[in-house]
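Visitor: Please walk me through this model by its contacts and backbone geometry. I will ask, you answer.

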Amino acid sequence: MIHMLTDGVLPIMAFIGVIAAFALTCFFTSTCSQYLPKDMGREFAHNGKLSAGKPRGAGIIFITVFTLAALLFGSLSTELIIYLVLIYVEMLTGYMDDAADEPWGEYKKGILDFIVAAIVALNYIHFNSTQIQIATLGIDITLHPVVFFILTIILVWAAINVTNCSDGVDGLSGTLTIVTLVTIYVIDQVKGVSSDFAYVILLFVVCILGYLWYNATPSRLMMGDAGSRAMGIFISIAILKTGSPFLFLPAAAVLIVDGGLGLIKVALLRFLKIHIFSNTTMPLHDHVRKTIGWSNTQTVFRFAIIQIVISIATVYLLLI
């Protein structure tokens, strides 16, 4: 809105927007957490019962602040507004699951994710080309719209669910999401992608930081599905806007491995009766804590360090 009134975001207003987004996230998280639903403790997670009684669903707070900040300080376009609506819808579906007495079934959430992912794909195709770049090779490929549509649905669905599955240790999914989004921001700068969406990435990052102020070990509250699912869809949109969607693999490598292996293990067992990783607890963050003996803090720092190393290597490949 300010962008429209001033015919471009003034640097000082962009600065104010970032600071305001962080400050408001901290303020509302501190004052409104008492009204959030309480966690019942995850039965099958390592030390899951220790979280019982903590407020959960805090994603509704930082995603709401982010949405308002993006509307106020971002460069508004029809495409961006639709993305913001979809991010908020994904957050609301997660929050309703967080607040429900009985958790929503996997199929119900999966169908909702599919619908949201399909709308993201249609929105992107309408406002952008279906050309993608294999960034490290400098090869451009124009895909048939139907192929692009299907692949985008897979990308969005995967990003939502691997991020959701990685939310099991205080500060882990938020920290990994920040590293992934900062990586995407740097990729945008290296590739010379429009700075309009890059600024929205910064707003999202500082809102997560405001949440992490209260979620760092030992946490006072948890984001729940309201936060993790919204973070996942935002990551997918951000990587799509780079024009190189396959960069999702290195930019979110740890999220993919941590959350994705568990999804593959369950899917193979349920549908094909194939047992894999039988001696590995999933998600992987539970395995390193339960079997290897890492503390929560060690898990967060070491997973983040691994992703930072991969991200640095990825950016270097783009520069040479």
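This is a predicted model: local features need pLDDT of at least 70, side-chain atom pairs count only at pLDDT 80 or more; totals for chains, interfaces and linings use all residues.

Guide: Residues are numbered from 1 along each chain as its sequence is written, and side-chain values use heavy atoms, with hydrogens and water left out.

Visitor: In what sense do strands β1 and β2 pair?
Guide: Helices (H or I, at least four residues) and strands (E, at least two) are DSSP runs, numbered from the N terminus. Two strands pair if DSSP finds at least two bridges between them. Strand β1 covers residues 131-134 and strand β2 residues 139-142, with four bridges. The sense is antiparallel.

Visitor: Which residue in β2 is the bridge partner of Gln133?
Guide: Ile132 stands opposite Ile141 in β2. For Gln133, the partner in β2 is Asp140.

Visitor: Which residue takes a positive phi in the hairpin of β1 and β2?
Guide: The hairpin has four residues between the strands. Phi is near 70° at Gly138.

Visitor: At what angle do the axes of α7 and α11 cross?
Guide: Axes are lines fitted to C-alpha atoms, for helices over the stretch in contact, and angles run from 0 to 180 degrees between N-to-C directions. Helix α7 spans residues 172-191 and helix α11 residues 253-272. Their axes come within 9 Å. The crossing angle is roughly 145°.

Visitor: Which residues in α11 do Leu172, Leu176, Thr177 and Thr180 in α7 meet?
Guide: Contact means heavy atoms within 4.5 Å. On that basis the four α7 residues meet Val254, Leu255 and Asp258.

Visitor: How many aromatic pairs does the structure hold?
Guide: Rings of Phe, Tyr and Trp (its six-membered ring) pair if their centres lie within 6.5 Å; planes under 30 degrees apart count as stacked, over 60 as edge-to-face and the rest as tilted. The total is nine.

Visitor: How many residues apart in sequence are the parts that Phe62 and Tyr211 tie together?
Guide: Phe62 and Tyr211 form a tilted pair, 5.3 Å centre to centre with 40° between the planes. Both are buried (under 20% relative accessible area; exposed is over 50%, partly exposed in between, 1.4 Å probe, protein chains only). Phe62 lies in helix α3 (residues 59-73) and Tyr211 in helix α8 (residues 195-215), so the parts tied together are 149 residues apart.

Visitor: Over which ring does the charged end of Lys108 sit?
Guide: A charge sits over a ring if NZ of Lys or CZ of Arg is within 6 Å of the ring centre and within 35 degrees of the ring normal. Arg302 does this with Trp294, 4.9 Å from its centre. For Lys108, the distance to the ring centre is 4.0 Å, and the ring is that of Trp104.

Visitor: Where is Pro218 found?
Guide: A cis peptide bond joins Thr217 and Pro218, with omega about -5°. Pro218 is found in the loop between α8 and α9.

Visitor: Is Phe277 buried, exposed or partly exposed, and what is its relative accessible area?
Guide: Phe277 lies in the loop between α11 and α12. Its phi is near 50°, a positive value in a residue other than glycine. Phe277 is partly exposed, at 35%.
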